[in-house]
Amino acid sequence: DNNSDIVSGVSRVFPAFFLLVAALVCITTMTRMVDDERTQIGIFKALGYSNGAIIRKYLIYAGSGAVLGCGLGVLAGSLCSIGFIWLAARFFGLERAVLLSLLPKSITTAIGVVLSQEIGGIAAVTTAAIAITGIFGNILGPSLCKLLRIRNPIAQGVAFGTSSHVIGTSRATQLHPLTGAVSSLSLTIAGIVTTVLLSFLTQWL
């Protein structure tokens with residue numbers, strides 16, 4: 001019981017922690033981008049654009065990627081992950097406890113283990129599934145992005161963060177700073193979205 005309370009407490013802190021990390025990485029990435037585009041900013045000013053208009057350009061760029069890209073991408077990815085596990089469980093005839101244990105496979109361990117216990121899964125199976133999913137995402141993610149021609153850093157970040165949580169995010173950061181930032185944000189949103197979805201869907205699975 002004490003261990004469960006500790007894990008439950010950690011699961012409440014981790015989303016806020018990852019959101020903070022994602023925000024810091026996003027700020028760093030945007031700062032670098034602005035530094036790289038100082039010449040373009042100077043041209044905008046010479047053409048008569050105000051500082052507010054130039055700032056809005058970068059805020060809209062960052063906001064659209066974070067809100068629309070991450071939100072819709074994470075929701076679709078979370079639904080696909082749950083659907084795939086459900087179909088695989090039906091195909092292989094897995095017991096309900098094993099099915100419930102595998103459903104949180106794509107979210108970070110601190111959230112996934114607690115969620116698995118809440119919906120009736122087996123914590124040990126969930127932990128193993130999360131670790132394996134992250135390792136596969138870390139190793140195969142870049143190759144899959146090339147194969148599927150996913151070149152946009154935001155799209156890559158959503159894919160890594162939603163499907164392979166922290167382990168995938170470590171690899172995403174190596175591909176591009178923006179990819180790592182979006183991946184950090186996506187894994188946090190994925191944990192929240194998956195928790196909400198499974199709270200409603202497990203009674204029908």
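The protein has eight helices and zero strands (DSSP runs, with helices being H or I of at least four residues and strands E of at least two, numbered from the N terminus). This is a predicted model: local features need pLDDT of at least 70, side-chain atom pairs count only at pLDDT 80 or more, and totals for chains, interfaces and linings use all residues. Residues are numbered from 1 along each chain as its sequence is written, and side-chain values use heavy atoms, with hydrogens and water left out.

**Whole chain**

Show everything as cartoon. Along the sequence the pattern reads α-α-α-α-α-α-α-α. Of the 205 residues, 38% are buried (under 20% relative accessible area; exposed is over 50% and partly exposed lies in between, with a 1.4 Å probe and protein chains only). Contacts here are heavy atoms within 4.5 Å. Among contacts between residues at least 6 apart in sequence, 65% join residues at least 24 apart.

**Stop 1: the largest core**

Select L103, V182 and L198. Of the 21 residues in the largest nonpolar core, these three touch the most other members. A nonpolar core is a set of buried Ala, Val, Leu, Ile, Met, Phe, Trp, Tyr and Cys residues joined through side-chain atoms within 4.5 Å. Colour its contributors: α3, α4 (96-102), α5 (109-119), α7 (153-175) and α8 each give two or more residues to this core. Which helix gives the largest share? It is α8, with seven residues.

Zoom in on V182. Leaving aside neighbours within four places in sequence, V182 is in contact with C70, I154, G157 and V158.

A second, separate core has six residues, among them M30, F44, I54 and Y58.

**Stop 2: S186 on α8**

Pick S186, in helix α8. Is S186 buried or exposed? S186 is buried, because its relative accessible area is 0%. Then list the surroundings. S186 touches C70, V74, G157, V158, G161 and T162, not counting residues up to four places away in sequence. C70, G157 and V158 are also on the V182 list.

**Stop 3: S78 and L197**

Move along α8 (residues 177-201) to L197. L197 has a relative accessible area of 17%, so this leucine counts as buried. Which residues does L197 touch, beyond those up to four places away in sequence? They are L75, S78, L79 and I82.

Take S78 next, in helix α3 (residues 51-92). S78 is buried too, at 4% relative accessibility. Outside four places in sequence, S78 is in contact with T162, A190, V193, T194 and L197. T162 also touches S186.

**Stop 4: α5**

Select α5. This helix is mostly covered: eight of its 11 residues are buried. Highlight A110, I111, G112, V113, V114, L115, S116 and I119, the buried ones. Step past the end to G120, which follows α5 and has a positive phi near 100 degrees.

**Stop 5: a nonpolar patch**

Select I132, I135, F136, I139, L140, L144, L147 and L148: together they make a nonpolar surface patch of about 820 Å². Patches are made of residues with over 30% relative accessible area and no salt bridge; like charges are joined within 9 Å, and nonpolar side chains (Val, Leu, Ile, Met, Phe, Trp, Tyr) within 5 Å. A salt bridge is a side-chain nitrogen of Lys or Arg within 4 Å of a carboxyl oxygen of Asp or Glu. Click on I135, in helix α6 (residues 123-147). I135 is partly exposed, since its relative accessible area is 44%.

An α-helix has 3.6 residues a turn, so residues three or four places apart point the same way.

**Stop 6: aromatic pairs**

How many aromatic pairs does the whole structure hold? A search finds two. Rings of Phe, Tyr and Trp (its six-membered ring) pair if their centres lie within 6.5 Å; planes under 30 degrees apart count as stacked, over 60 as edge-to-face and the rest as tilted.

Show F44 and Y49. They form an edge-to-face pair, 5.5 Å centre to centre with 70 degrees between the planes. F44 is buried at 19% relative accessibility, whereas Y49 is partly exposed at 47%.

Finish on F91 and F92. Their ring centres are 5.0 Å apart and their planes stand at 90 degrees, so this pair is edge-to-face. Both F91 and F92 are exposed.

Methods: Accessible areas come from the Shrake-Rupley method with a 1.4 Å probe; for residues, only the protein chains shown count as cover.
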